[in-house]
Amino acid sequence: GTALVARIILSLPCLLVVVFIVQLGKSTGHYSTLTQEVIYILTIGMLFQLLTSPFQSGFQAAERMKYNSLSDVISKGIVSFLSVGFVLAHQDIITVVLVSAGASFVVMLLNLYWWRRVGSVSFRMDWKLMRLLVVGGLPFFATGIFLTIYLYIDSLMLSFMSPLQVVGWYGAPTKLFSTLLFLPVIFSTALFPALTRAFKRNPREMVGMARKSFNVLTALSLPMAVGGMLLSSQI
């Protein structure tokens, strides 16, 4: 509950940044009314994802990763099937982004329902615990910030430097790349609690497990990377 409250508070400056960028794009003539609506709808979907994350972290800590996997499958399934269907039915982009935000909302509700099997949820303004969570999470926060900037700053720059069609062209391979990350995400979700447990028993055991995991991921990712390059024209 404290993590949820902390995320709601920390999301407020992020929302202000989004509004500032949209207004900047509007004033410079780069963002049409449709573009602004798309950004705001996807921002709402992002808020649902932010509120879902504490539940998924809890499932990971309790090593009940099946709920995290179900969340990912359900979200991707809804977005993929409905989006493709609406595109084939010649629906507009607003319909497609509403599907994305709606999928995030459904997954948030499902995680709240599944969490009842683990414990209750109570929104608490525990400032001491909130500070512990925020300060303790700063290394992960820094990683998340830089990864997000690395993945999406190009699209933001292109939206101000080139026509919107170019952003769409760039978005297709970027989306394909992020989708192919499902394998390391699933692997790491299951691995992190095991690494923590191994470190408590014997730090050397943790190092050995981490090395083997790195080798496995490398062996699996290389064929995917090479295959993506070789089949780029066909894709």
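**Surface, cores and backbone**

Modeller: In this predicted model, a nonpolar patch on the surface is formed by L10, L133, V134, V135, L138, F141, I145, F146, I149, I153, M157 and M161, with about 1100 Å² of accessible area together. Two or more residues of the nonpolar patch come from each of α5 (127–136) and α6 (138–161).

Colleague: Which element gives the most to the nonpolar patch?

Modeller: The elements that give two or more residues to the nonpolar patch are α5 and α6. Eight residues come from the one that gives the most, and this is α6.

Colleague: Which residues form the largest nonpolar core?

Modeller: In general, nonpolar side chains in soluble globular proteins tend to be buried together. Here the largest nonpolar core has six residues, namely L4, F55, F59, Y67, W114 and W115. The elements that give two or more residues to this core are α2 (33–61) and α4 (93–115). A second, separate core of five residues includes V38, I94, V97 and A101.

Colleague: Which residues does Y67 touch, not counting residues up to four places away in sequence?

Modeller: Y67 is one of the residues of the largest nonpolar core. Not counting residues up to four places away in sequence, Y67 touches F59, W114 and R117.

Colleague: Is S83 buried or exposed?

Modeller: S83 is found in helix α3 (residues 66–88). The relative accessibility of S83 is 12%. Because the limit for a buried residue is under 20%, S83 counts as buried.

Colleague: What is the phi of E63?

Modeller: Most residues other than glycine have a negative phi. E63 is in the loop between α2 and α3, and E63 is partly exposed, with a relative accessible area of 39%. Although E63 is not a glycine, its phi is positive, at about 55 degrees.

Colleague: Where is H90 found, and is H90 buried or exposed?

Modeller: H90 also has a positive phi, of about 65 degrees, although H90 is not a glycine. H90 is found in the loop between α3 and α4. Exposed means over 50% relative accessible area, so at 72% relative accessibility H90 counts as exposed.

Key
Residues numbered from 1 in each chain as written. Predicted model: local features only at pLDDT ≥ 70, side-chain atom pairs only at ≥ 80, totals over all residues. Heavy atoms only, no water. Patch = residues over 30% accessible without salt bridge, like charges linked within 9 Å, V, L, I, M, F, W, Y side chains within 5 Å. Areas by Shrake-Rupley, 256 points an atom, 1.4 Å probe, with all protein chains shown as cover. Salt bridge = Lys/Arg side-chain N within 4 Å of Asp/Glu carboxyl O. Helix = DSSP H or I, 4+ residues; strand = E, 2+ residues; numbered from the N terminus. Buried < 20%, exposed > 50% of the residue type's maximum accessible area, 1.4 Å probe, protein only. Core = buried A, V, L, I, M, F, W, Y, C linked by side-chain atoms within 4.5 Å. Contact = heavy atoms within 4.5 Å.
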